[in-house]
Amino acid sequence: MTSIADAPAQVPCAACRAIVPDRGQLKKIQTSRFDTLFNRDDLYPTYPSLESSARAGCNSCALVWQRLTSIPPEDLSAIEQSNGRLVWISDKQKTKQLGASWDRRVKIEAAFDFVPYTTGLPSDADHDEEPLTNQDGNQRRGAVTSLWISCRPVAGTLRLVDGEPWAGDTFEFPVFDSIDLNSPRSDWRRQLPSPATLSDENVARIKRWIKSCLDSHSQCFNTQTTEHWIPSRLLEIDHGDHGLEIRLVESSDLRPWAGIKFAALSHVWGNQNPSPLCLLSSNLYEFKHGIQESELPKNFVDAAHVCVRLGLRYLWIDSLCIIQDSLGDWREQAILMHLVYRYALVTIVATSVTSCHDGFLERNVNSIPAVKVAYSLPVSGEWSASGGNYMIIYNYDNPQDSYRMFAINGSKWNTRAWTMQERSLSTRMVHFCRNKMFFECRGCLQSEENEPTEQSDTMNSILWPRGASVSFEELYQHWQLFVGEYSSRNLTVSTDKLPAIQSVAEEMAAVTGHKYIRSAGMWQAKLQRELLWNITFGKAELLDVRRAPSWSWAAVEGQISLWQRDFRNSQRCPPNTLLGCLAQHSFEVLTIDQEYTGPKSINTGLLTVRSLVKRFGHIQKYTGPSKGRSFFSYDLIIDGPQSGNGDESGGEVFAFGKLDIEDSSDLNTSAATSGPFLYLHVNSDARATGLILREESYDQAQNAHNWKRIGIATLFLDRSEIPILNGTFSHSDVPQAVTLI
């Protein structure tokens, strides 16, 4: 595509001359979509008028017609022959039938997206409300980023047979406007993507990004320690006469470390056929004498080439720097992994690929359909190409590939559990996406094309906060959000659930000094609240292997929430109420099994607490009106005489529950399921007040019962202070010691 930049701008047809990115319509500095005067009628789905104009020589019409008719031939033919009864649903890539036929007449219109730059503006200005002036020429302190072509039925919105509306389709074409490409301000100047990923321009750009971060981003500084740090092992890379020369080196052989800079690689394994080369106890000596480039997966080779071009001699790749068949080495290195990403000069991210064998440096920029079109701003009222304005419009298979929110956040790389901590902990990253690079750190988001950063790009960042003044409470808020997203991510090896988040915890513990429970993925200072974790969306899945104790959120597969909001105030409640009675006794943690949990070794994870408990005999699915019971959809029933608050089992409902695993094969709740069960009271003020436990084993020697968590429960009507059963606990009840496994 870059080759088109030096070609002369082509004059469009009379209709397309109305497609003008006229920023004079903008009144304020804000993200906007502004219309054009382009308006033409045509027939769906072949657009013969547009095709005729394309064949007459209008390249703009040709590009748009190619996109609008990009429907599989068999489907296109079926739509044509349906007499106006079939339409193409582009987001679902299939045809659907309309409720009634239509005349297939459509109106084609065009609009542009404008996004403001946030850099280089007065820091005290309210940019969203500041009136626009011509002080920066025609650029208007932003860039035109996209052309939108809409095709709407002239008859208005139609209805599909299933009742869903169909209002035609809208197509996006990324755009480079000459005003942005030639901006006098370098920080507002758009760049066309290079045909080569590691072109001289791109390498210089990466170096500028890194230098700017080092020089000016205080939020990216490694303030935790002044001592320079490097991993225990690194790959040493040289570029010899016959290609890359790579060998493994021990950090103990590289002292002093002060001048050593290294990069780290983040990628997904994907298809491992053939099985990629890994560091083993048996080849450690061999690796130190050299690793053949031909033996390495393509991602590793590409990462080495990036290091060579950036002038970095050392690279860290987990599977080549940690001995994969040594549990001892894995444990030792795993607790240091957060330091790898913290101290790496840059993390090289193979964002766009889905396998370690794919490679991430190849591009097809020059094969992307693109046109360079002259346009005239409406100054004199007559169209003229003499003003020198033009725009380059290109037709990606998927225009979202150029968006950071899609190219990075929508990638397979961003769905993996391991890569979440790698992204969160990295000081700075270069993302290698399809035909485009992005730079990400705590101070900025940059793109190879230098388009403005949109607000959505900066929201909900998962980059871990840094700074000497950051508190445990601030970091814990990030931890809660982190676990929520992390729990829904994918793992190839299920038992990696806790190891793949450990580095984030180590980073947090190193800064705050708080105790992390490695066997459960929880914080000792927040354990009382964290025990009430719940499934937020969908149903959790039962695991084939045990990877964490039942009281840990990592024990199940599903999207987890640790966040708890208080709905009651037990400290200000009268003592003659259930809430007041509960307030007289505190929840106490007695012992925690702190043994390490690794990928090949799961400990028992015993937790002993002291609190009020209630034995009960039955759990039954609630089948009444759903209002107020959609979250807690089970009844917890005490054996006893029938009452107004009773159940068909002959007992009384004292609490409402939510099970961790719905439809468990060993828990038939369609009828009242017999126990023994235990309600363990945890927190009177939270939405869920306690845990539902089921007896798992009995230690006769210790005369102790071991209990397994199966859900959470509330003693009150949801989000209220109204008890479900007033007499559940009395002042004569005393806390009991309970062991959870």
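**View 1. Leucine 234 and its bridge partner in β10.** Leucine 234 has valine 249 of β10 as its bridge partner. Strand β9 (residues 233-240) pairs with β10 in the antiparallel sense, over eight bridges. Strands pair when DSSP finds at least two bridges between them. Strands are DSSP runs of E with at least two residues, helices runs of H or I with at least four, both numbered from the N terminus. The model is predicted: local features need pLDDT of at least 70, side-chain atom pairs need 80 or more, and totals for chains, interfaces and linings use all residues. Residues are numbered from 1 along each chain as its sequence is written, and side-chain values use heavy atoms, without hydrogens or water.

**View 2. The open sheet.** Eight strands run in the order β10-β9-β12-β11-β13-β16-β17-β18, with mixed pairing. β10 (243-250) and β18 (445-447) are the edge strands, each pairing on one side only.

**View 3. Aspartate 329 and arginine 233.** Their side chains meet in a salt bridge at 3.1 Å, N to O (a side-chain nitrogen of Lys or Arg within 4 Å of a carboxyl oxygen of Asp or Glu). Aspartate 329 sits in helix α9 (residues 327-334) and arginine 233 in strand β9, so the pair ties together parts 96 residues apart in sequence. Both residues are buried (under 20% relative accessible area; exposed is over 50%, partly exposed in between; 1.4 Å probe, protein chains only).

**View 4. Glutamate 51 and arginine 55.** The two side chains form a salt bridge at 2.8 Å, N to O. Both residues lie in helix α1 (residues 48-55), four residues apart. Arginine 55 is exposed, at 66% relative accessible area.
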